[in-house]
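Please take a moment to look over the structure shown here, and keep it at hand while the paragraphs below lead you through its parts.

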Amino acid sequence: MKEHVWPLTAGINRSREFARKKLATHTANVGLICGHGCLYCSSRSVLRCHRAFKVLGLNPFDEGYCIVDPQTPLRLMNDVHKTYASDVIMFCSTSDGWAPEAQSLNLGEQCLRVLLEHGRSVVRVLTKNAAVTGAYDLMARYRNRVRLGLSLTAPKSAEALMKVLEPHASTISERFAALKEAHERGLRTYGMFCPCLPGIADSPEALEEMFAAAVECGTEDIWLEPVNARGKGIVRCAEALAQAGFTAAAHAADAVRHEAAWNEYAINLVKAAQVVAVGSGVIDRLHVLLYANRFTSDAQETLNTDPRGIVWLKKQ
Ligand code: SF4
């Protein structure tokens with residue numbers, strides 16, 4: 001993985017998008033392109049017009065590189081006094097503070113230290129790397145100001161498939177163990193099942209396994225989302241799964257590129273999640289993130305007959 005450095009300007013950004021998702025009021029990031037290299041990652045399309053790509057001579061959709069800002073703790077220090085106790089800062093939203101390149105600079109813990117020791121806000125940590133355990137002592141000192149999530153994007157039984165799709169992230173087992181350790185140490189946790197890929201994390205059985213894991217880790221809230229099938233990410237996922245010999249999952253990923261199939265997959269996913277959440281006793285903690293513009297009006301109507309847990313979002 002080739003590492004590029006780019007000095008970002010803003011430190012802590014207000015985010016209406018994350019407020020609508022009920023996740024945070026602000027976001028903070030350690031770079032532009034994350035070295036975990038998840039094939040479905042939407043950060044490349046969200047950030048594709050950033051000046052850094054032109055200056056560095058990079059195609060935002062190419063793989064094999066990451067872009068990190070080693071000065072992130074200083075950027076956060078410049079902004080942290082502007083936030084309030086009522087704010088919630090998402091760390092991170094389009095990158096990962098414990099991705100390999102961020103780990104080698106110890107950015108995750110340094111940034112967290114700035115946000116916790118110099119600020120007053122709640123910090124919602126989100127990562128796909130079990131190396132976050134190294135910051136647990138720090139988090140424990142600010143227990144009521146930290147919510148920790150390690151993305152559980154699939155059941156442990158689908159770990160081999162996810163290693164293809166999330167090549168440089170910790171395995172699902174490692175993330176689960178890290179989240180469980182956090183819970184056992186008294187840290188406040190949340191569940192993030194985003195995205196629930198078709199053929200991997202959308203069946204009732206898969207969701208039962210994922211919800212059971214989240215409950216075991218004491219998660220206070222659970223966010224869940226269908227995959228975005230309009231970008232290049234789903235194509236990359238289907239190709240990689242096919243190459244690795246996971247033919248059924250590859251076909252399932254490929255199929256949802258068509259509008260009717262995607263609507264059916266998303267409706268079935270939401271309904272299955274609601275049933276499993278009720279069975280697991282966590283329906284009141286469920287937040288299903290749905291972009292209205294991706295659904296047909298018929299599909300929206302179907303979903304609105306049982307809106308439990310659904311958070312409708314405007315166009316991404
Ligand atoms: S960990 Fe998150 S930000 Fe990093 S590549 Fe994966 S989805 Fe993208």
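How many of the nine residues of strand 9 are buried? In this predicted model, eight of the nine residues of strand 9 are buried, so this strand is largely enclosed by the rest of the structure.

Strands of a sheet pair through backbone hydrogen bonds, and the pairing may be either parallel or antiparallel. The sheet in question is an open one of nine strands with mixed pairing, and its strands follow the order 2-3-6-7-8-9-10-11-12. At its edges are strand 2 (12–14) and strand 12 (310–313), each of which pairs on one side only. From neighbour to neighbour, the strands of this sheet are turned by 25° against each other on average, with direction ignored.

Helix 6 (residues 107–118) packs on this sheet, where it touches strand 2, strand 6 (88–91), strand 7 (122–127) and strand 8 (146–150), and the direction of the helix makes about 175° with that of strand 6.

Strand 9 itself, residues 188–196, runs parallel to strand 10 (residues 219–226), and five bridges join the two.

Strand 4 and strand 5 (residues 65–68) run antiparallel and are joined by two bridges, and Gly31 stands opposite Val68 in strand 5.

In helix 4 (residues 72–80), the buried residues are Thr72, Pro73, Arg75, Leu76, Asp79 and Val80. Seen down the axis of helix 4, these residues fall within an arc of 160°, so they line one face of the helix. Leu74 and Asn78, on the other side of helix 4, are exposed. The buried residues of helix 4 pack against strand 2, strand 3 (26–28) and helix 6.

Helix 12 (residues 247–255) has Ala249, Ala250, Ala252 and Ala253 buried. Down the axis of helix 12, its buried residues likewise fall within an arc of 160°, so they line one face of the helix. The face turned away from that buried side carries the exposed residues Ala248 and His251, whereas the cover over the buried residues of helix 12 includes helix 8 (159–165) and helix 11 (233–243).

Finally, which residues surround the ligand? Around the ligand lie Cys34, His36, Gly37, Cys38, Cys41, Thr94, Ser95, Asp96 and Lys128. By kind, the residues of this shell divide into three nonpolar, four polar and two charged.

Terms used:
Residues numbered from 1 in each chain as written. Predicted model: local features only at pLDDT ≥ 70, side-chain atom pairs only at ≥ 80, totals over all residues. Heavy atoms only, no water. Buried < 20%, exposed > 50% of the residue type's maximum accessible area, 1.4 Å probe, protein only. Helix = DSSP H or I, 4+ residues; strand = E, 2+ residues; numbered from the N terminus. Arc of directions from axis to C-beta. Contact = heavy atoms within 4.5 Å. Near = heavy atom within 4 Å. Nonpolar A, V, L, I, M, F, W, Y, C, P; charged D, E, K, R; others polar. Pairing = 2+ DSSP bridges. Axes fitted to C-alpha atoms, helices over the stretch in contact; angles between N-to-C directions.
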